[in-house]
Amino acid sequence: MAALTEGRHAAEFVLSEGNRSISRDAVTIVSGAGQLAAGTVLGKITASGKYEPATAAAADPATGSETAVAVLLYPVDATAADVSAAAITRFAEVNTTLLAYDDTVNDAAKRAAKIAQLAAVGIIAR
């Protein structure tokens, strides 16, 4: 019998969260962000209030999205248009090994910086 490999589930990374929907917010993922997996660490663009994957360093000029402030709950495709999505934004514990990062967050030090930024908004990675 062939072995089946089960993929990642939406919100699988959530270990615990606050009662009801206190940990979740509706967010807008900016057009051009591409296909994002559940568990993607997000930053918020200061000028628009939209979200995109949090990058390792500030662009020139800085947009604000380099600071991790949320984690995407469900996969989305924001390749060609803005997309409404749900994200964990506070009062939660998440599984570190199930988080997804922007390609620029490519080593342990950069991932640790994103985890510290999430902790600052009340999202604790375990």
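# Strands, cores and salt bridges

Let's start with a polar contact: the side chains of D77 and Q35 are joined by one of 3.4 Å. (A polar contact is a pair of N or O atoms within 3.5 Å; within protein, one must be able to donate a hydrogen and the other to accept it, and residues adjacent in sequence count only if both atoms are side-chain atoms.) Keep in mind that this is a predicted model, where local features need pLDDT of at least 70 and side-chain atom pairs count only at pLDDT 80 or more, while totals for chains, interfaces and linings use all residues. Residues are numbered from 1 along each chain as its sequence is written, and side-chain values use heavy atoms, with hydrogens and water left out.

**Around D77**

- You'll find D77 in strand β7, residues 76-78. (Strands are DSSP runs of E with at least two residues, helices are runs of H or I with at least four, and both are numbered from the N terminus.)
- D77 has a relative accessibility of 43%, so it counts as partly exposed. (Buried means under 20% relative accessible area, exposed means over 50%, and partly exposed is in between, using a 1.4 Å probe and protein chains only.)
- Skipping neighbours within four places in sequence, D77 is in contact with G34, Q35 and V83. (Contact means heavy atoms within 4.5 Å.)
- D77 and G34 sit 43 residues apart in sequence, yet their C-alpha atoms are 5.7 Å apart in space.
- D77 also has a polar contact of 2.4 Å with T79, side chain to side chain.

**Around T40**

- T40 is in the loop between β3 (34-36) and β4 (41-44).
- T40 counts as buried because its relative accessibility is 5%.
- The T40 side chain reaches the backbone oxygen of A37 at 2.6 Å.
- Leaving out neighbours within four places in sequence, T40 is in contact with P53, A70, V71, L72 and A100.

**The nonpolar cores**

- The largest nonpolar core has 18 residues, and F13, V41, I88, L99 and L118 have the most contacts inside it. (A nonpolar core is a set of buried Ala, Val, Leu, Ile, Met, Phe, Trp, Tyr and Cys residues joined through side-chain atoms within 4.5 Å.)
- Another core lies apart from it, with 12 residues, including I29, L42, Y51 and A87.
- As background, nonpolar side chains tend to be buried together in soluble globular proteins.
- Not counting residues up to four places away in sequence, I88 touches F13, V14, E17, S23, R24, V69, A70, V71, L73 and I123.

**Strand β6 and its partners**

- Four of the five residues of β6 are buried, so this strand is largely enclosed by the rest of the structure.
- β4 and β6 run antiparallel and are joined by three bridges. (Two strands pair if DSSP finds at least two bridges between them.)
- Here, V41 stands opposite V71 in β6.
- β6 is also joined to β8 (residues 83-88) by two bridges, again antiparallel.
- I88 in β8 is the bridge partner of V71.

**A three-stranded sheet**

- Three strands form an open sheet in the order β1-β9-β10, with mixed pairing.
- β1 (14-17) and β10 are the edge strands, each pairing on one side only.
- On average, neighbouring strands here are turned by 15° against each other, direction ignored. (Axes are lines fitted to C-alpha atoms, for helices over the stretch in contact, and angles run from 0 to 180 degrees between N-to-C directions.)
- β1 and β9 run antiparallel, joined by three bridges.
- S16 has E93 in β9 as its bridge partner.

**Salt bridges**

- The whole structure has four salt bridges. (A salt bridge is a side-chain nitrogen of Lys or Arg within 4 Å of a carboxyl oxygen of Asp or Glu.)
- One of them is between R90 and D25, whose closest N and O atoms are 2.6 Å apart.
- This pair links distant parts of the chain, 65 residues apart: R90 is in the loop between β8 and β9, and D25 is in strand β2 (residues 24-29).
- D82 and K50 meet through their side chains in a salt bridge too, at 2.3 Å, N to O.
- D82 is in the loop between β7 and β8, while K50 is in the loop between β4 and β5 (51-53), 32 residues apart.
- E93 turns up again here, in a salt bridge with R126 at 2.7 Å, N to O.
- E93 is partly exposed at 25% relative accessibility, whereas R126 counts as exposed at 57%.
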